[in-house]
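Please look over the model below before reading the points that follow it.

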Amino acid sequence: MIRDIDLLAVARELARDTNVEEAKVRSAVSRAYYAAYHRLLGVAQSRGYRYDRRCKRGSHVDLMQFLSEPANADLRAALNILRGMKVWRTEADYHLGICVVPERAKMAISRAQHILATTRAPDPT
């Protein structure tokens with residue numbers, strides 16, 4: 001089973017060269033985001049979160065809404081980081097006219113590392 005830390009390891013590998021191609025930079029940004037997303041998704045699920053596929057919001061917005069509830073105030077900093085990372089991930093995955101530089105991948109990886117370091121992974125079921 002793949003874990004959030006595995007996604008982060010892929011992001012690091014994609015971004016490790018100084019002259020990395022932009023496609024790898026974009027993929028590193030995306031993998032770093034998903035490492036953070038899946039960590040927070042696991043934490044949310046351990047607190048009772050379930051995504052209803054009938055929901056009109058997307059799953060990412062729905063998760064962020066759950067994390068913003070008062071009962072999850074301890075995750076507010078991680079949520080704010082994830083929101084910023086989502087903007088970067090959207091640019092990297094959907095806006096090919098925007099140049100995504102290696103520094104962006106390094107920042108995304110650093111922020112994902114922070115989320116993984118400051119939140120406890122739920123026990124696998």
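This is a predicted model: local features need pLDDT of at least 70, side-chain atom pairs count only at pLDDT 80 or more; totals for chains, interfaces and linings use all residues.

1. Residues are numbered from 1 along each chain as its sequence is written, and side-chain values use heavy atoms, without hydrogens or water.

2. Helix 1 covers residues 4–15 (helices are DSSP runs of H or I, at least four residues, numbered from the N terminus). Its twelve residues should span 16 Å at 1.5 Å a residue, and the end C-alpha atoms, 17 Å apart, agree with that (the expected span is 1.5 Å times one less than the number of residues).

3. Asp4, Leu7, Leu8, Ala11 and Ala15 are the buried residues of helix 1 (buried: under 20% relative accessible area, 1.4 Å probe, protein chains only). They lie on the same side of helix 1, because their arc around the axis is only 100° (taken from the directions from the helix axis to the C-beta atoms). Their cover includes helix 2 (22–46) and helix 5 (102–118).

4. The largest nonpolar core has 38 residues, of which Leu67, Leu82, Met85 and Ile115 touch the most other members (a core joins buried Ala, Val, Leu, Ile, Met, Phe, Trp, Tyr and Cys residues through side-chain atoms within 4.5 Å). Helix 2 gives the largest share of this core, 13 residues.

5. His60, in helix 3, is buried at a relative accessible area of 15%. Its side chain makes a polar contact with that of Tyr33 at 2.6 Å (N or O atoms within 3.5 Å, one able to donate a hydrogen and the other to accept it within protein; residues adjacent in sequence count only if both atoms are side-chain atoms).

Methods: Helices (H or I, at least four residues) and strands (E, at least two) are DSSP runs, numbered from the N terminus. Buried means under 20% relative accessible area, exposed over 50%, partly exposed in between (1.4 Å probe, protein chains only). Contact means heavy atoms within 4.5 Å.
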